[in-house]
Amino acid sequence: MEIIELIKNAQKGDDQAFYELMQIHKIRLLKIAMSYLRNEGEALEALQEVTFRAYRSIKKVHQAEYFSTWLIRIMLNYCHDQIQKNKRYGDKSLIENIGETVDYSKRIEIEEALEKIDSHSREVIILKYYHDLKIKDIADILDKPESTIKTWLYKGLQALREQLEERSELNV
Amino acid sequence: MFDFEKEEKELEKSRNTLQDLSISDDIANQAILEGMKRAKAMKMRKKKFLPIKVFLAASVFIISLITSVKVSDTMADYISNVPGIEKIVEFIRQDKGLLAAAENNYFQKIETTVENGEVKVTIDSIVRDEKELLIFFNYRAKGVVDQIFPEEISLLDGNRNILPYRAYYSNLNPNGEKKYVNKATARVPLADGDILPEELILSFAFSVNDKMLNQNIDIPLTLDKEKFAAKKVINMNKSVKVEGQEITIKKVTIYPTQTTIDIMVNPENSKKIFGFNDIHIEDETGEKWAEIEPNDFTSYVNENEMIIYLQSNYFSDPKELYLAFSSIRAVDKDELWVEIDPVKEKIIKAPKDGKLSSVYKRNEELAITLETNPNIFDKQIFMYAEDFNGNIIGMGKPIGGGGLPNNNYVTYYVPYPDEEAVAGPIKLKLLDYPATINKKIKLKIK
């Protein structure tokens with residue numbers, strides 16, 4: 001079935017159609033959750049919560065072509081809330097997880113560097129480089145003009161460069 | 001653009017490790033199904049919950065959020081062979097009292113169907129006593145519609161005068177979305193001792209796709225005098241003190257459909273008592289009659305008096321009878337009001353145990369998280385927020401709560417429409433809370 005048809009049917013209350021829509025999106029959603037929450041259990045919980053929220057308000061999706069970005073936006077909102085919550089609880093799992101992987105590989109380095117840069121820029125970089133979203137889609141998801149996204153991206157990469165350079169100096 | 005080749009390469013490498021997702025398909029699908037299940041349950045709950053204005057009436061009903069099924073299957077299977085009962089047995093299989101009423105032939109078969117252009121309604125059977133009229137019915141849309149719900153069920157006498165009762169209905173396997181026969185029950189609580197007229201009309205107002213239908217479905221029925229049994233009242237006036245909190249059991253009334261316990265708490269108590277965990281009546285053999293589910297509710301006569309509804313043991317005739325509970329849900333009276341800063345999304349004041357852990361604003365609602373096991377604590381704790389002048393926010397909007405199975409918190413949603421947002425802090429009165437005074441109590445009723 002075409003995605004648009006699935007959305008229409010899901011909006012009419014067809015659970016099978018809704019389930020299929022979630023099937024189509026689940027990998028992407030899980031990966032996004034993983035990139036923010038870094039924990040499989042939390043990512044699964046995020047998927048459940050996003051399903052829950054999407055099911056409750058799927059009727060609010062007026063244009064089918066925005067369905068994917070709409071779902072991703074729900075996921076991002078959830079991840080942001082979770083991160084805030086973890087901070088409030090003093091839950092250091094995100095940072096600890098990184099710390100525990102003693103291998104200071106480039107991967108860790110770049111992730112640590114990402115943590116240090118402005119959150120808007122970080123978000124754009126994660127969505128673009130980790131999740132292959134186009135600037136236009138990112139603009140839709142974050143509800144900002146494309147020019148803003150481009151600026152954030154540029155600033156983010158610039159800041160990343162500085163971070164990485166600083167690190168390599170420290171490692172010498 | 002600019003040259004960030006090196007950074008892009010690093011990101012690419014980092015990305016590749018992220019791509020090895022080791023979450024199995026099955027587990028991911030489980031999460032999706034669980035999310036859908038919760039959303040469906042919530043949707044129904046929102047429909048089932050009464051609008052706020054109803055809660056402002058003198059007696060407040062608090063309906064629990066998450067229902068569990070306690071089954072006496074053998075009994076139910078046996079009863080399902082009783083003619084006329086087979087259709088409704090799924091409703092009563094978790095209620096020993098109603099099963100006994102059915103077995104003792106106190107259900108009245110109605111089997112009347114009335115339809116109009118849009119909806120078809122059948123009353124299967126009823127049971128009634130001095131405390132309530134319980135109606136088992138089913139309905140379905142005649143066309144393919146998205147949603148169909150009975151919005152209001154009124155009770156009229158034979159001359160079409162509206163009787164002063166309100167029906168509370170619940171669906172068994174709600175499915176408002178498709179052409180589907182929905183089975184439901186409606187409970188019409190009666191004032192103690194009221195006797196209903198023999199000739200009645202049940203008038204159902206339906207909504208289809210959230211629009212009220214112009215025409216009600218009216219179904220007449222005649223109450224069968226033979227199927228009526230008078231209540232048994234046991235006056236107790238027995239007081240007990242638990243950690244300084246005085247509770248008086250005033251009386252126990254046993255009706256065919258239920259047992260009610262009238263409880264009074266001393267206004268001087270330092271704690272606000274919300275309810276009693278595992279409250280039940282018990283006979284000399286240890287057989288128990290627990291709270292009525294799935295719609296177990298407590299009604300409050302006033303600030304210090306409440307009525308608890310248990311399954312009926314009308315048709316069993318025990319030599320001895322006890323009232324027992326294992327703990328009391330209560331908070332200090334100065335912790336009864338929770339204060340929230342909706343702008344900063346911060347909880348300013350809450351019970352000291354810190355279980356109310358976070359609040360955020362979303363889609364015209366405030367979502368407030370309570371750290372608790374939803375399998376153990378399943379009560380609604382808030383109904384609405386109000387500003388410091390006592391004005392209710394989101395009057396008439398539906399409220400909701402949701403539990404995450406296998407998880408350790410419940411999120412409650414109270415209305416917070418943008419146009420009613422206030423600058424200062426707001427407050428919410430606790431209607432229940434999972435803090436307990438742990439002490440087992442067993443009192444002799446007879």
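How many salt bridges are counted between chain B and chain A? The count is three, where a salt bridge is a side-chain nitrogen of Lys or Arg within 4 Å of a carboxyl oxygen of Asp or Glu. The model is predicted: local features need pLDDT of at least 70, side-chain atom pairs count only at pLDDT 80 or more, and totals for chains, interfaces and linings use all residues. Residues are numbered from 1 along each chain as its sequence is written, chains are lettered from A in the order in which they are written, and side-chain values use heavy atoms, without hydrogens and water.

Over all chains, the whole structure holds 18 salt bridges. In one of them, Lys26(A) meets Asp25(B), at 2.9 Å from N to O. Lys26(A) sits in helix α2 of chain A and Asp25(B) in helix α2 of chain B, so this pair joins two chains. Helices here are DSSP runs (H or I, at least four residues), as are strands (E, at least two), numbered from the N terminus.

The contact (heavy atoms within 4.5 Å) draws 51 residues from chain B and 51 residues from chain A. About 4700 Å² is buried between the two chains, and carbon and sulfur atoms give 59% of that area. Buried area is the accessible area (1.4 Å probe) lost when two parts are put together, summed over both.

Six residue pairs are in polar contact across the interface, both residues at pLDDT 80 or more. A polar contact is a pair of N or O atoms within 3.5 Å; within protein, one must be able to donate a hydrogen and the other to accept it, and residues adjacent in sequence count only if both atoms are side-chain atoms. On the chain B side, the elements giving two or more residues include α1 (5-19), α2 (25-48) and β22 (356-362). With 16 residues, α2(B) gives the most.
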